[in-house]
There are 2 protein chains.
Amino acid sequence: MTATARTVPADSASADSSRADAASADSARISLAVSTVIFALRADADATAASLRLPLVRRIREPFKGRWALPGGPIEAAESLSAAAGRNLVETTGLRPTYLEQLYAFGDVDRSPGDRVVSIVYWALVRSEEADLAAEGDNVRWFPADDLPDLAFDHNTIVDYALWRLRTKMEYSRIAHAFLGETFTLSELREVHEAVLRRPIDPANFRRQMEGSKAIIATDQLLTGGRHRPPRLYRYNASVELTDNGPLTSS
Amino acid sequence: MTATARTVPADSASADSSRADAASADSARISLAVSTVIFALRADADATAASLRLPLVRRIREPFKGRWALPGGPIEAAESLSAAAGRNLVETTGLRPTYLEQLYAFGDVDRSPGDRVVSIVYWALVRSEEADLAAEGDNVRWFPADDLPDLAFDHNTIVDYALWRLRTKMEYSRIAHAFLGETFTLSELREVHEAVLRRPIDPANFRRQMEGSKAIIATDQLLTGGRHRPPRLYRYNASVELTDNGPLTSS
DNA sequence: CCAAAAGTGTTGAATTTACACCCATGA
DNA sequence: TCATGGGTGTAAATTCAACACTTTTGG
């Protein structure tokens, strides 16, 4: 906060910066991994409403042997960070996400007992049908996002942050579509918002908001079968970006 | 997008995840670095208005020898990512930031010719007085943020993204204070917003907005010396968080 | 006095929010 | 027919945006 003497001249500066893109002895000792927080909306036990859930894997080695942890793994030399996250997610849980975004790089010195690990963490959204197909076994299990056990490493903190990002982004972005199929009713879309944000939303106002945003396009199909007026099916408007990540649309 | 067969069972999953926090042969070949995009508001050439500027360092080695690049360097084994960014920033430019936040991890396979480098990039804000003291030499120079030369690596992309984050965050956060001193007038605060967002702001509405937000506290001092009515000095309200980073306030 | 920026008031537009009410279907 | 959600209308409340006007200093 308070300014003190600075004595490093410009020349030593550029010497340092030249090392920036070559591994030093120090950074070689730091290992790099990728992990992913995966969210899906799944029916509650009482099946009355959907709730946010995420899959965790059980650790079979020390440290934290037996504890639940985020799925993750190493980064291969020939793949980008997002590719590593996507590949690892399929390998560990069998899930294919409809949305994948980098969350944060966690690198505190003591976050992994014994060695030094920097984890690039991604977060992903998968559709409900996709989540239903996912294998669940002794070593992979779905947990309610708001009520997790004590996880390995700093993974509770990571999930908290991912949850915050999801909820924040839900309010100004269109990621809700990532939970749904090709076409959907406005009720389904609204229920996604309600489940994530954990508060009721006025259907009338929600409809106008969505229609005004140009994010969705009405199809000419209605969904029959319910014992009420058949709702119109909508489609995601592909000409509008899903989320605004600024100049970072590609990787 | 379309679902295909998934055959990986849960058991191989947890085997993978157990490697997540130990270095594999692959990830050991990836080197890790930290870089920082540093912003300051500095007087224009004609001194009529302030504009966003950032310091770059000249590379003295291949690849990209002679090109301008973001200050950066390796991460030491015993320091956190933010500590590495802060230390490196002082070493290369002599600047002490009032604000430092992680921006993004860049890790495309081909971003550094020859070797594989993952860069954890931070962005920082420094006060104008601080920026004025910074040494400028052959190998460190300030550039207008909106008009940069071709930089080394993917650094143009990185700066674009940092600029977008700064401008986005300026609209819903209180980071403007990070450019100013302990006390400031509402005009000074408004001029920060105008310089960053590159558009004029109505002084009357801006005043009400700020006063209503509880982000600033009026002191009992006025700033005399101008040839007009002396403006009141304000102070940043420390009981309100500078920015909302969710559960990530510490590291 | 005048110029210039500080600070206050006011008004209309746009947006948000709450809620009444009609519509179309299955049972 | 009734129950149920689909869908439209509307009005109050709040926020936003533009700009007129008064205040206080230095020159």
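1. In this predicted model, the axes of helix α5 (residues 155-172) of chain A and helix α6 (residues 186-197) of chain A come within 10 Å and cross at roughly 145°, and the crossing of α5(A) and α6(A) is left-handed. On the side of α5(A) the contact is made by Leu166(A), Arg167(A), Met170(A) and Glu171(A), and on the side of α6(A) by Val192(A), His193(A), Val196(A) and Leu197(A). Sorted by class, the residues of this contact are five nonpolar, one polar and two charged.

2. Of the atoms of DNA strand D that come within 4 Å of the protein, 58% belong to sugar and phosphate. The surface near DNA strand D comprises five nonpolar, five polar and nine charged residues.

3. Arg229(B) contributes through its backbone, where an N or O atom lies 3.1 Å from a base oxygen of DNA strand D. The elements that give two or more residues to the surface near DNA strand D are α7 (203-213) of chain A and α7 (203-213) of chain B.

4. DNA strand C is surrounded by 17 residues, with Asn205(A), Pro230(A), Ser187(B), Arg207(B) and Arg232(B) the closest, and sugar and phosphate make up 61% of the atoms of DNA strand C that come within 4 Å of the protein. The surface near DNA strand C divides into four nonpolar, five polar and eight charged residues.

5. For DNA strand C, a polar side-chain atom of Asn205(A) lies 3.0 Å from a base nitrogen, and a backbone N or O atom of His228(A) lies 3.4 Å from a base oxygen. A phosphate oxygen of DNA strand C lies 2.8 Å from a polar side-chain atom of Arg207(B). Here α7 of chain A and α7 of chain B are the elements that give two or more residues to the surface.

6. Finally, a search of the whole structure finds twelve aromatic pairs over all chains. The ring centres of Tyr99(A) and Trp123(A) are 5.5 Å apart and the ring planes stand at 70°, so this pair is edge-to-face. The pair links distant parts of the chain, with Tyr99(A) in strand β5 (residues 99-106) of chain A and Trp123(A), 24 residues apart from it, in strand β6 (residues 117-125) of chain A.

Definitions and conventions
Residues numbered from 1 in each chain as written. Chains lettered and ligands numbered in written order. Predicted model: local features only at pLDDT ≥ 70, side-chain atom pairs only at ≥ 80, totals over all residues. Heavy atoms only, no water. Axes fitted to C-alpha atoms, helices over the stretch in contact; angles between N-to-C directions. Helix = DSSP H or I, 4+ residues; strand = E, 2+ residues; numbered from the N terminus. Left-handed = near helix turned anticlockwise from the far one by under 90°. Contact = heavy atoms within 4.5 Å. Nonpolar A, V, L, I, M, F, W, Y, C, P; charged D, E, K, R; others polar. Near = heavy atom within 4 Å. Polar contact = N/O pair within 3.5 Å; in protein donor to acceptor, adjacent residues only side chain to side chain. Phe/Tyr/Trp six-rings, centres within 6.5 Å; stacked < 30°, edge-to-face > 60°.
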